[in-house]
Amino acid sequence: MKTVYLLRHAKSDWNNPNITDFDRSLNQRGLEDAERLSAYLAVEGYYFDKIYCSAAVRTTQTHDLVLDEAGEYVDAEFLDDLYHCNCDYILDLLKVQAKSTNSVLIINHMPTIQIVYEFLSGESIGNYPTCTLSALEFEGDWSDITKIRCQKKLFLSPKRLKQSSMHD
């Protein structure tokens with residue numbers, strides 16, 4: 001079973017009009033959401049064989065915070081090309097994964113992250129909130145990912161994560 005994880009960056013700070021979109025960092029809510037997700041991943045024992053992260057500041061910050069408690073991941077690539085890429089770019093990244101790779105995490109932006117999710121799952125969603133992590137599973141090879149309908153395993157928004165942690 002192969003798993004694609006899709007993570008939209010956490011909430012970014014819009015308070016500085018003099019900063020470029022690429023250089024925008026996370027705001028306080030974004031920092032808190034990312035840390036909450038990190039704790040969840042650590043407790044649940046999530047592991048990713050490969051990580052591709054947009055090189056924008058808010059996505060790299062999200063990566064660093066979310067993966068903080070879950071452990072060190074050496075196989076992470078921070079790619080300028082993921083910033084403002086289209087769905088096909090991400091699908092092409094997935095198609096060339098080694099057969100031994102079982103899980104890939106993509107940390108990216110709207111609208112691409114939602115378009116990739118909807119394409120792979122066949123499910124139309126109204127919104128893909130900031131710091132939402134989804135997981136889609138499929139059987140087969142990475143090279144076949146565009147021909148196979150993936151099954152939704154997880155769609156975890158910060159709001160749902162906060163609600164579930166309040167009930168524990």
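1. Buried means under 20% relative accessible area, exposed over 50%, and partly exposed in between, with a 1.4 Å probe and protein chains only. In this chain, buried residues make up 47% of the 168 residues.

2. This is a predicted model: local features need pLDDT of at least 70, side-chain atom pairs count only at pLDDT 80 or more, and totals for chains, interfaces and linings use all residues. Numbering starts from 1 along each chain as its sequence is written, and side-chain values use heavy atoms, without hydrogens and water.

3. The chain has five helices and six strands. Helices (H or I, at least four residues) and strands (E, at least two) are DSSP runs, numbered from the N terminus. The order is β-α-β-α-β-α-β-α-β-β-α. The radius of gyration is 15 Å, close to the 15 Å of the globule rule for 168 residues, so the chain is as compact as a globular protein of that length. That radius is taken over C-alpha atoms; the rule is 2.2 Å times the number of residues to the power 0.38.

4. The largest nonpolar core holds 25 residues. Such a core is a set of buried Ala, Val, Leu, Ile, Met, Phe, Trp, Tyr and Cys residues joined through side-chain atoms within 4.5 Å. Val4, Leu6, Leu94, Ile106, Leu120 and Ile145 touch the most other members. The largest share, five residues, comes from α3.

5. Ile106 touches Tyr5, Leu6, Leu7, Tyr52, Ile90, Leu94 and Ile113, leaving out residues up to four places away in sequence. Contact means heavy atoms within 4.5 Å. Tyr5 belongs to a second, separate core of 21 residues, which also includes Leu26, Leu67 and Leu154.
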